[in-house]
Structures are given as structure tokens and as C-alpha cells.
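Visitor: Please take me through one part of this model in close-up. I would like the nonpolar core, and then whatever surrounds it.

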Amino acid sequence: METPENNKTRFGFGLTKGRQIDYDANDKKLCRFVVENEPSLLLCIGCGGCTATCTAAGFTDFNFRKLHHLLRRGEVFNLEKSMKNCMLCGKCKLVCPRGVNTRNVIFSLKRAFKMTDFSKTQ
Ligand code: SF4
Ligand code: SF4
């Protein structure tokens with residue numbers, strides 16, 4: 001709740017509701033499933049090399065880096081639709097400086113969305 005006291009520590013500025021990320025309220029079940037299947041995802045440093053070389057990104061708005069951020073935040077609402085653009089070619093995996101098996105990350109996600117547990121969250 002906004003009080004004169006905490007408003008002072010925020011210097012009068014605040015984030016509007018639409019720009020806030022509520023990590024505690026978001027569902028990170030899907031992220032845990034993917035990391036269990038492909039633990040190398042935790043090595044990602046967000047450099048964007050995968051997105052820069054992505055075949056699908058050349059002609060769609062598919063973006064692995066963004067997908068990863070949304071997955072980690074638990075904002076998974078539009079991921080299934082977005083992933084349909086990935087053709088699992090594996091180019092992203094070849095360029096990753098951290099050795100993240102990006103292809104298997106996407107493959108795990110595609111598998112997850114076929115399971116009733118996760119399709120309910122969509
Ligand atoms: S290239 Fe690898 S380290 Fe860089 S953003 Fe992609 S997955 Fe992460
Ligand atoms: S596997 Fe998917 S994300 Fe990776 S380069 Fe190919 S189309 Fe892009």
C-alpha cells in the first residue's frame with residue numbers, strides 16, 4: 001500500500017500495474033519442467049547470439065532470447081503460439097557461447113504443451 005513513507009523511498013516514481021512483473025504470482029512450473037529436461041538453460045547469459053542466427057527469426061517474430069526470459073518469469077501465455085515458428089533446425093545451438101542446448105529447450109517446451117498439465121496454463 002502506498003504511504004507517504006514508502007513514497008519517499010521511491011522518490012515519487014512507481015511502475016504502473018501493466019509494467020510490473022509479479023514473480024511470486026507467476027506460474028514457473030513450465031520453466032522447472034524445461035530445466036529438468038535441459039539443465040544447460042541455466043547457463044544462458046542472454047547474449048542473443050541464438051536469436052541473431054535463428055532461421056525462423058529471419059521471417060517471423062520468433063525470438064529465443066525473449067522466449068527464455070518470458071519462460072523464466074513465468075509469463076507463458078503466448079509461448080505455444082510463438083514456438084510454432086521454430087523448425088528445430090539447431091542453428092542456435094551451434095552458435096551458443098555457453099553451450100546451451102537451445103534446440104532441446106524448444107523440443108521440451110513443445111513436448112510440455114502436449115501434456116494436459118501444461119496445456120491448462122495456456
Ligand atoms: S546464444 Fe546461448 S547464452 Fe546467448 S542468449 Fe542464446 S541461449 Fe543464451
Ligand atoms: S532451432 Fe528454432 S530457434 Fe534455433 S535456429 Fe532453428 S528455428 Fe531458430
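Guide: A nonpolar core here is a set of buried Ala, Val, Leu, Ile, Met, Phe, Trp, Tyr and Cys residues joined through C-beta atoms within 7 Å. The model is predicted. Its largest nonpolar core has 20 residues. Val34, Cys54 and Leu109 have the most contacts inside this core. Helices H2 (29–37), H4 and H7 each supply at least two of its residues. H7 gives the most, with 4 residues.

Now H4. Its buried residues are Phe64, Leu67 and His68. Seen down the axis of H4, they fall within an arc of 100°, so they line one face of the helix. An α-helix has 3.6 residues a turn, so residues three or four places apart point the same way. The buried residues of H4 pack against H3, helix H5 (79–83), H6 and H7. Just after H4, Gly74 takes a positive phi of about 85°.

Of the 14 residues around ligand 1, the nearest are Cys44, Cys47, Gly49, Cys50 and Cys96. By class, this shell holds 8 nonpolar, 4 polar and 2 charged residues.

Turn to ligand 2. Around it are 14 residues, of which Cys54, Ala56, Cys86, Cys89 and Cys92 come nearest. Helix H6 (91–95) and helix H7 (102–114) are the elements that give two or more residues to this shell. H7 gives the most, with 3 residues. The shell divides into 9 nonpolar, 3 polar and 2 charged residues.

Last, the whole chain. The protein chain has 8 helices and 0 strands. Buried residues make up 20% of its 122 residues. Take contacts between residues at least 6 apart in sequence: 66% of them join residues at least 24 apart.

How values were computed: Residues numbered from 1 in each chain as written. Chains lettered and ligands numbered in written order. Predicted model: local features only at pLDDT ≥ 70, side-chain atom pairs only at ≥ 80, totals over all residues. Near = placed C-beta within 6 Å. Nonpolar A, V, L, I, M, F, W, Y, C, P; charged D, E, K, R; others polar. Buried ≥ 20, exposed ≤ 12 C-beta atoms within 10 Å, placed from the backbone. Arc of directions from axis to C-beta. Contact = placed C-beta atoms within 7 Å.
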